Amino acid sequence: MLSKDMNMALNKQVMMEAESSMAYLSMASWAEQQPGLDGVTSFFYQQSDEERLHMLKLIKFINERGGKAEIPSIDKPMDEFSSVKDVFGNFLQHEFKVSESINELVETALKARDFATHSFLQWYVNEQMEEERVARQLNDKLELIGDDKSGLYLFDRDILLQAATASSQSKP
Ligand code: FEO
């Protein structure tokens with residue numbers, strides 16, 4: 001049975017994953033409005049879907065352990081960006097915030113001696129390491145590209161191929 005405090009802490013994470021999903025949906029929609037950013041658009045639509053799955057996984061865990069998952073209302077995400085670099089910079093900063101929040105949750109679970117929640121959260125710890133790695137790598141590439149338009153074209157093409165491979169691998 002989930003304690004009240006742990007339930008509350010997990011619900012806060014549900015909200016964070018919901019905010020992430022909407023933030024990336026907003027980035028996808030922004031990218032879709034710009035000419036020629038098919039790859040960036042697909043990438044963020046996919047990221048948004050993944051964050052929704054992270055949220056669902058938490059909701060199910062809370063309910064299955066006798067808790068009460070709350071579906072949060074969330075603020076409108078940022079929807080104006082000055083460039084692709086700006087979008088990816090925001091993406092990385094957002095993932096840092098999520099990692100911090102997951103780490104705090106892990107600490108809370110450990111202090112409460114809630115080993116089931118602690119074990120469940122390890123999936124999120126690993127997922128955050130991977131998401132930070134991807135976000136960092138993409139930001140590094142954009143740093144190298146600078147204002148080079150042909151570089152940005154290739155960046156978008158690469159990310160489109162990456163998104164297509166990831167989506168075909170996730171199909172049953
Ligand atoms: Fe589920 Fe990347 O936060």
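Me: Which element gives the largest share of the lining of the largest pocket?

Reply: The largest share, six residues, comes from α1, where an element is a DSSP run (a helix is H or I, at least four residues; a strand is E, at least two), numbered from the N terminus. This is a predicted model, in which local features need pLDDT of at least 70 and side-chain atom pairs pLDDT 80 or more, while totals for chains, interfaces and linings use all residues. Residues are numbered from 1 along each chain as its sequence is written, and side-chain values use heavy atoms, leaving out hydrogens and water.

Me: What makes a residue part of that lining?

Reply: A pocket is an open set of points on a 1 Å grid over the protein atoms alone, where a 1.4 Å probe fits with protein on both sides within 12 Å along at least five of seven lines, and a lining residue has an atom within 4 Å of a point. In the largest pocket 16 residues qualify, of which Glu19, Ala23, Met78, His94 and Lys97 lie nearest its centre.

Me: Why is the largest core called nonpolar?

Reply: Its 23 residues include Val40, Phe43 and Phe155, and the name applies because a nonpolar core joins buried Ala, Val, Leu, Ile, Met, Phe, Trp, Tyr and Cys residues through side-chain atoms within 4.5 Å, buried meaning under 20% relative accessible area (1.4 Å probe, protein chains only). The largest share of this core, six residues, comes from α1.

Me: What does Phe43 touch beyond four places away in sequence?

Reply: Phe43 touches Phe88, Phe91, Val134, Leu138, Ile159 and Ala163, since contact means heavy atoms within 4.5 Å.

Technical notes. Buried < 20%, exposed > 50% of the residue type's maximum accessible area, 1.4 Å probe, protein only.
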